[in-house]
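Subject: Handover of a structure

Dear colleague,

Please find below the sequence and structure that I am handing over to you. My notes on the side-chain contacts follow.

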Amino acid sequence: MSGASPGAAWQRPEIVSVFLRERRTVMPLLDVQEDLVRRLLVRHPHPMTRFLDLGAGDGAMSELVLSLKPRAEAVLVDFSEPMLEGAERRLASGRARWQAVRGDLSDPAWRSGLPAGGYGAAVSAFAIHHLPAARKRALFTELLALLEPGAMFLNMDYVAIEGPLRGLWDEQMLANAVRAEHERGGSRSPEEVERELFDDREDDRPDSVEDQVRWLRAAGFEQVEVHFKWAEAAIFAAVKPARGER
Ligand SMILES: C[S@@+](CC[C@H](N)C(=O)[O-])C[C@H]1O[C@@H](n2cnc3c(N)ncnc32)[C@H](O)[C@@H]1O
């Protein structure tokens, strides 16, 4: 992987197809997390006509936001062709309401392909943890500049933790994947399922949620809050100060 961009494992079709097949089945507490994301977006008063989805993949998070905000349009940012082909399938029925921007989030130039103007929100799911710490920090600053005053950035991601629950997210994902393999009548051993499931792990660079909250505040966000935390899963959000507040 040396020389490749962070997250480049996701440009491999085999990794993408396993993820898209298993996402809903294996991710622990995904329904709970998505419910919380919905509530956050509904309860945040800032009007949204256009939003960013960073590391959008096949658009699962965009689909969720579009279903809540019938007048909003999505800008999906990703650098994985197989993922963006998946977005064409998932979001086919609302084709006029989204566009894909091919960009590498590890490079500040990712912004060069964006449609001009401010964004009413930025969301991301399970993507930013691929970036090294310094890029996460810089990305938060770049997002502040892109968002409209009062707009929210919301991240549902895999984070680094210490203590006895360390590794629980992966253990639970594996248990879910092994159960799914049995339920569909598959004959693969748990070791084979594990190898396939964690094929991209070399490309993970999680940081703690505490560090990321600090970086968001340092970037100038307010209302920085961890809304959900379970083992390595976290949802945290932050708001760009309304005009005149800073
Ligand atoms: C685990 S998938 C999550 C996809 C989607 N957000 C979801 O929740 O289903 C991670 C996504 O982040 C994207 N990604 C990782 N590193 C990236 C980078 N440096 N630039 C752009 N996208 C990146 C991958 O291509 C992939 O689509």
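**Salt bridges**

Glu22 is buried, at a relative accessible area of 4%; here buried means under 20% relative accessible area, exposed over 50%, and partly exposed in between, with a 1.4 Å probe and protein chains only. Please note that this is a predicted model, in which local features need pLDDT of at least 70, side-chain atom pairs count only at pLDDT 80 or more, and totals for chains, interfaces and linings use all residues. Residues are numbered from 1 along each chain as its sequence is written, and side-chain values use heavy atoms, with hydrogens and water left out.

Glu22 forms a salt bridge with Arg184, with 3.1 Å between the closest N and O atoms. A salt bridge is a side-chain nitrogen of Lys or Arg within 4 Å of a carboxyl oxygen of Asp or Glu. This pair links distant parts of the chain, 162 residues apart: Glu22 belongs to helix 1, and Arg184 to the loop between helix 6 (168–183) and helix 7. Helices (H or I, at least four residues) and strands (E, at least two) are DSSP runs, numbered from the N terminus. Arg184 is partly exposed, at 44%.

A salt bridge also joins Glu196 and Arg21, at 2.9 Å from N to O. Here Glu196 in helix 7 (residues 190–197) is linked to Arg21 in helix 1 (residues 13–26), 175 residues apart.

**Aromatic rings**

There are four aromatic pairs. Rings of Phe, Tyr and Trp (its six-membered ring) pair if their centres lie within 6.5 Å; planes under 30 degrees apart count as stacked, over 60 as edge-to-face and the rest as tilted. Among them is the tilted pair of Phe140 and Phe153, 5.7 Å centre to centre with 50° between the planes. Phe140 lies in helix 5 (residues 133–146) and Phe153 in strand 5 (residues 147–158). Phe140 is buried at 0% relative accessibility, and Phe153 is buried at 1%. Phe153 also forms a tilted pair with Phe221, at 6.3 Å and 40°.

**Charges over rings**

The charged end of Arg50 sits over the ring of Tyr119, 4.1 Å from its centre. This requires NZ of Lys or CZ of Arg within 6 Å of the ring centre and within 35 degrees of the ring normal. Arg95 lies over the face of Trp98, at 3.7 Å from the ring centre.

Yours sincerely
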